[in-house]
Amino acid sequence: MPSVCFYFQVHQPQRIKRCSFFNVTCDPQYFDDEHNKRVMQKVAQKCYLPANRALLKLIRRLDGAFRCAFSITGVAVDQMRRFAPEVLESFIELAETGCVEFLAETYYHSLAALYDHKEFKEQVDLHIQLMEELFHQRPQVFRNTELIYADFVGHLAAEMGFRAVLAEGAQDVLGWRSPNFVYSVPEAPIRLLLKNYRLSDDVAFRFSDRRWEEWPLTADKYAHWIHSVSGCGDVVNLFMDYETFGEHQWESTGIFEFLDYLPEAVLLHPDWSILTPSQVVEKYPVVAELPFHRLTSWADIERDLTAWRGNRMQNSALEQVYQLGRDLKSCSAGEDRGIMDAWRKLLTSDHFYYMCTKWFSDGDVHAYFSPYESPYEAFVNYMNVLKDARQRWLGNTRPETHEQRV
Amino acid sequence: MLGWEYPPHISGGLGTACEGLTTALARHNVEVIFVVPHLFGGENASHMTLVNSQGHSQKRLEGRRRGKEAPMSSRRKPRASLISRRFIPAVLKPYLTPESFKVYTASLSLSEARQVVREITTSPGDSEDAASESHAGSEKPRVRPEQYGRDIYAEVGRFASNCASSLSQERFDIIHCHDWMTYPAGVALAQITGKPLVCHVHSLEYDRSGLNVNQQIHHIERFGLQAARRVIAVSYYTRRIVHEQHGIPLDKICVVHNGVYSSEAMFKYRKGKSWPAKIVLFLGRITFQKGPDYFIEAAAKVIPHIPDVLFVMAGTGDMLPRCIERVNQLGIGEHFQFPGFLRGQEVEEMFSIADLYVMPSVSEPFGISALEAIKFDTPVIISRQSGVSEVLTHALKVDFWDIDRMADLMINALVHEELRSDMVAMAREEVRRLHWDAAALKTREIYSSLL
């Protein structure tokens with residue numbers, strides 16, 4: 001009696017303004033509200049609102065047989081509140097159907113798990129509170145930023161009381177095993193749900209690619225592929241960015257029609273059901289422990305961390321911003337909620353993503369979503385902000401010039 | 001092909017570009033006869049036939065220098081055969097304005113001037129006299145220095161007439177000429193032989209002088225570009241300016257970006273102990289086109305934040321005195337050095353020890369020096385008003401007039417070593433791809449379309 005589990009990620013970073021080196025503590029606001037508002041409203045029109053409408057329709061039409069899960073970052077919610085409150089309302093409406101589960105992650109969509117476990121937990125706590133406040137649910141399942149996962153992440157999640165954690169079903173980690181089962185984290189009382197990357201990416205990336213031999217992808221064909229897991233799997237985990245629906249795959253590709261037809265096509269086969277992550281964990285037994293020998297993510301072909309920590313600029317920026325946090329916490333600035341919120345918004349993984357130099361000809365995927373002309377400009381801008389922030393918040397008159405570099 | 005300089009005897013990027021293009025064309029089975037005003041010997045051009053405008057080839061001349069008598073080509077016209085052993089003067093440089101040309105020749109000492117005169121060919125009208133002169137075996141200068149070698153247009157005309165007379169009997173399919181000084185020669189040759197003419201624009205008078213264009217040069221440019229069957233520009237930027245300035249239709253102008261001339265031997269020079277921690281390099285002619293004044297203003301903003309920085313401006317040019325004065329006026333003289341025009345190994349050494357190369361060009365058709373800096377692991381800040389900014393992704397880019405932004409980028413590049421090393425690592429990869437082969441293939445395609 002296998003099932004399909006849909007999980008959608010909703011996130012928007014708070015992008016930073018253009019900050020010159022000579023911007024001597026005159027502009028207190030580092031975040032580009034104008035730009036962020038434009039983006040939020042655009043994505044709301046192209047994706048969030050129509051997709052939520054589609055899901056609501058599905059839930060009502062299928063009378064509870066269709067279920068799904070979301071993880072909405074705190075920084076995204078902040079922006080919805082300010083720039084597109086109707087989006088938040090539609091998510092609340094979805095929550096009220098009882099068919100939608102909300103997961104937990106770091107409020108600020110940060111890489112804190114890699115740098116500061118205490119900070120990581122604080123950010124997760126903040127996020128849990130938000131989920132309870134908005135949707136009256138206490139998240140039971142955890143997913144880390146960009147599905148970044150290694151065994152220690154599972155342990156951290158277990159310490160925080162979660163029942164399960166999501167991860168990428170990376171081929172080299174799985175080896176001969178299949179992602180279509182429930183696993184457990186070694187030496188921790190927590191389950192592991194693995195993304196079926198082949199089927200997930202068929203929709204998220206390949207759906208409108210005419211060069212793909214399976215184009216066009218119909219709901220029937222796709223449901224058929226899902227059904228062929230029968231007998232050799234318990235659950236097919238389809239984890240994807242929610243912007244697949246309308247942003248990455250435009251409406252004109254037929255993605256909304258696909259979404260509308262798919263659940264019924266899956267349910268045509270009476271053995272199959274559609275469950276939330278918590279329900280999956282309830283229903284199926286653990287088949288094995290699954291150790292992760294390396295850090296994985298759901299990004300790019302390598303499914304590793306090189307999108308955020310692949311070059312020296314990124315590593316340096318990350319080191320410095322976390323150091324800033326430690327410095328803030330060790331003095332009174334650490335009590336100031338405004339400062340801490342601003343600092344944490346600088347931790348959002350996107351800032352470092354924009355500094356990625358990995359694919360120089362294949363920069364398309366990275367480039368489209370970057371507000372900068374080049375990764376170098378992203379780095380320069382970020383470092384200017386850090387320098388200014390440090391001066392402003394810590395009153396450091398010692399400028400961050402080459403004296404520290406040498 | 002008509003050019004006027006070839007490595008190692010060069011005064012700018014043009015000769016290097018021609019070398020790169022011709023070597024790559026040779027690799028792709030295009031036979032090139034390359035004509036320059038003057039052969040010095042020592043040019044490494046085994047991949048093609050390199051001749052001066054009388055049709056004397058490099059090999060033939062070297063043979064002569066060793067005392068062997070080379071046979072006269074029967075293909076030459078009678079008039080030309082009377083003019084033997086005359087070379088177009090070395091004073092013909094591609095970047096001189098007529099004014100600076102006068103200044104340059106005035107600055108030669110009398111003996112140097114005599115040397116130049118000895119080498120100078122007579123104008124066509126004087127050929128009979130020259131013939132009688134050579135028969136008399138006299139080496140005495142017939143005319144005083146002031147009377148020729150001072151008018152650049154006469155030089156251009158002389159080059160044209162020599163090419164027309166000595167080359168019209170050569171066998172070739174295409175005439176390809178580089179920049180304005182060769183256009184009259186190209187047009188003449190095209191008219192005589194009926195072969196298609198391609199005019200290559202490496203730089204324009206507009207780039208060199210902005211609004212104060214020298215009308216004669218501007219006119220000669222237009223003359224050549226209009227007569228050509230096809231125009232090749234080194235960037236989309238230049239193509240647009242050719243269209244706007246000279247009214248050449250866009251579909252007549254092709255773009256062939258300059259590649260990078262790959263050289264195998266690249267030494268890593270070590271910075272001596274006496275050098276300061278941070279060196280920012282400006283390398284090029286100190287003239288309006290290259291934006292040296294913007295470099296200086298930006299440097300002034302950087303210095304308060306980076307105490308031990310040194311700005312090196314390597315090159316010579318008409319703006320040099322003004323730049324030195326401005327630097328002194330700003331009181332930043334101790335952070336500047338002006339080593340003059342560098343050649344060969346000196347250039348390599350300079351690129352090597354610099355931490356950052358800045359090219360703030362006001363109008364740069366290509367900017368090959370930026371690619372050369374990268375070969376030496378030096379990161380670059382380039383002006384958006386340059387052709388190279390169209391092809392180079394791994395660099396910091398800035399509008400030449402945005403001094404604040406230029407300073408912002410310079411400071412960040414100097415402070416953050418990780419930024420420099422990441423940029424260079426990626427840029428080297430990119431530059432490797434910008435082979436001259438791509439340029440040669442495109443050029444060959446253009447040739448094919450005209451035949």
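**A cis bond, a contact and a core**

A:P216 is placed in the loop of chain A between helix 8 (197-204) and helix 9 (219-227); helices (H or I, at least four residues) and strands (E, at least two) are DSSP runs numbered from the N terminus. A cis peptide bond, with omega about -5°, joins A:W215 to A:P216. The model is predicted, so local features need pLDDT of at least 70 and side-chain atom pairs count only at pLDDT 80 or more, while totals for chains, interfaces and linings use all residues. Residues are numbered from 1 along each chain as its sequence is written, and chains are lettered from A and ligands numbered from 1 in the order in which they are written.

Two further loops of chain A hold residues with positive phi. A:D63, between helix 1 (33-61) and strand 2 (68-72), has phi near 55°. A:D63 counts as exposed because it has 8 C-beta neighbours inside 10 Å; the limit for exposed is 12 or fewer, and for buried 20 or more, with C-beta atoms placed from the backbone. A:E146, between strand 4 (141-142) and helix 6 (151-159), has phi near 50°, and counts as buried because it has 23 such neighbours.

The contact between the chains takes 19 residues from chain A and 22 residues from chain B, where contact means C-beta atoms, placed from the backbone, within 7 Å. On the side of chain B that touches chain A, helix 18 of chain B gives the most, with nine residues.

The largest nonpolar core has 235 residues, and B:I381 is among those that touch the most other members. Such a core is a set of buried Ala, Val, Leu, Ile, Met, Phe, Trp, Tyr and Cys residues joined through C-beta atoms within 7 Å.

Definitions and conventions
Contact = placed C-beta atoms within 7 Å.
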